Amino acid sequence: MISNLMAGGAETMLSKVVRATAGEIEHSVVSMIDGGAIAAELKNAGIPVHFLGAGRNFSAALRIGKIRQIVRAVMPDLVQGWMYHGNIAASVAASARRPPVPVLWNIRQSIGSLRDESFLTLLTILLGTPLSGSPRVIIYNSRRAIEDHERLGYSRKRRVIIANGFDTEAYQPDPAARAALLSQLGLPTDAAIVGRIANFRTYKDYPTLFAAFAAIARANPRAYLIVIGRELDPDNPALRRLIASQPAQDRVRILGERADVARLLPGFDIMLSSSSAEAFPNVLGEAMACAVPTITTDAGDCGEILGDPTRVVPVGDSAALAQKAIEFLALTPERRATIGATDRARVIANFSLEKIAAEYVALWRREAAFLPSSG
């Protein structure tokens with residue numbers, strides 16, 4: 001159960017886990033809101049997708065009659081919620097099954113990243129506090145998310161961490177990617193590519209990114225900034241203001257939302273993560289899998305995921321972010337490649353999709369064992 005299947009980190013992770021475990025688990029995905037790129041991806045993989053036909057206001061989201069209809073058709077052994085609205089809907093769906101089945105919640109962000117969420121989403125988070133004792137398990141993807149939610153009063157019972165997982169075959173180093181990216185964007189062959197991949201959300205802190213790049217551009221006349229993500233387009237007035245304030249705006253390339261990130265990302269020389277709040281950002285693991293050295297702010301579990309404190313700077317510190325970027329661009333390509341190889345090995349060892357998918361399957365099988373016999 002999930003609120004929507006539009007392109008996003010949490011939605012993408014659901015798709016990856018479902019598709020990776022489809023050989024062992026029979027899935028049906030239920031989205032409150034119709035459509036979305038991830039819905040198409042799941043359908044193309046042969047995964048049944050059901051829509052509740054809700055609008056974007058939460059009052060229309062919990063269509064209990066439709067949920068009961070889907071539950072009667074699917075007869076699940078377990079219901080897995082995914083994000084806040086999906087968690088509440090999962091609890092409704094689990095109770096609609098006779099006999100009721102185990103319900104699991106999944107929380108995928110820290111509280112600090114909610115500042116630009118809607119009032120109704122914030123209300124749903126608060127509603128989750130008294131209801132959080134009902135699921136058998138609450139899955140979090142980071143320690144910071146656990147701390148933030150339990151501080152709000154979420155139940156401490158049966159909390160589990162399952163990190164994000166990454167397809168290290170889809171995301172891997174590509175020696176030809178840099179030349180292809182430069183050619184596509186019409187950039188000089190000696191350009192130094194600084195990348196950022198993130199939707200245009202408040203907590204992704206694009207002002208800090210642009211302030212950092214202003215300093216990077218002054219220090220390195222070959223530096224170019226490439227940003228990729230949803231709402232990064234000419235119709236975004238806040239983005240237009242940021243670009244207009246950039247002294248080196250002629251060295252900024254805005255690519256918007258792209259479906260070919262796995263092809264573009266290996267072309268970066270370095271990647272910056274400027275977020276003010278995070279849980280476990282997918283793009284950090286993807287960059288590591290592509291052996292692209294990343295410098296990150298100390299948001300959420302980013303420092304722990306990266307495993308290299310020398311590349312972690314304080315949140316909001318554009319000067320420190322810029323200085324680290326300048327230092328890394330000054331390294332030889334061979335030295336950056338060595339650092340990137342270490343990052344990739346870390347992802348393979350700790351965050352491979354195979355490992356994470358196996359953790360989900362083990363948890364689902366364990367909890368489904370509590371399904372009462374229906375005779």
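**Overall build, an open sheet and its helix partners**

The protein has 15 helices and 12 strands, where helices (H or I, at least four residues) and strands (E, at least two) are DSSP runs numbered from the N terminus. Its radius of gyration is 21 Å, close to the 21 Å that the globule rule gives for 375 residues, so the protein is as compact as a globular protein of that length. Here the radius of gyration is taken over C-alpha atoms, and the globule rule is 2.2 Å times the number of residues to the power 0.38. This is a predicted model, in which local features need pLDDT of at least 70 and side-chain atom pairs count only at pLDDT 80 or more, while totals for chains, interfaces and linings use all residues. Residues are numbered from 1 along each chain as its sequence is written, and side-chain values use heavy atoms, with hydrogens and water left out.

Taken along the principal axes, the C-alpha atoms fill a box of roughly 70 × 40 × 35 Å. Buried residues (under 20% relative accessible area, with exposed meaning over 50% and partly exposed in between; 1.4 Å probe, protein chains only) make up 55% of the 375 residues. As for contacts (heavy atoms within 4.5 Å), 69% of those between residues at least 6 apart in sequence join residues at least 24 apart.

Four strands line up in the order 3-4-5-6 to form an open sheet with parallel pairing; two strands pair if DSSP finds at least two bridges between them. Strand 3 (79-80) and strand 6 (159-161) are the edge strands, each pairing on one side only. Strand 5 (residues 137-140) runs parallel to strand 6 and is joined to it by three bridges. Ile139, for instance, has Val160 in strand 6 as its bridge partner. Helix 15 (residues 353-368) packs on this sheet, touching strand 3, strand 4 (103-107), strand 5 and strand 6, and its direction makes about 170° with that of strand 5. Axes are lines fitted to C-alpha atoms, for helices over the stretch in contact, and angles run from 0 to 180 degrees between N-to-C directions.

Helix 15 also packs with helix 1 (residues 9-21), at an angle of about 75° and with their axes 9 Å apart. The two helices are therefore roughly perpendicular to each other (under 35 degrees counts as roughly parallel, over 145 as roughly antiparallel, 65 to 115 as roughly perpendicular and the rest as oblique). Among the residues that meet are Met13 and Val17 from helix 1, and Ile356 and Trp364 from helix 15.

Elsewhere, Asp343 sits in helix 14 (residues 333-350). Asp343 is buried, with a relative accessible area of 2%. Leaving aside residues up to four places away in sequence, Asp343 touches Met288, Val292, Pro293, Thr294, Leu306 and Arg311.
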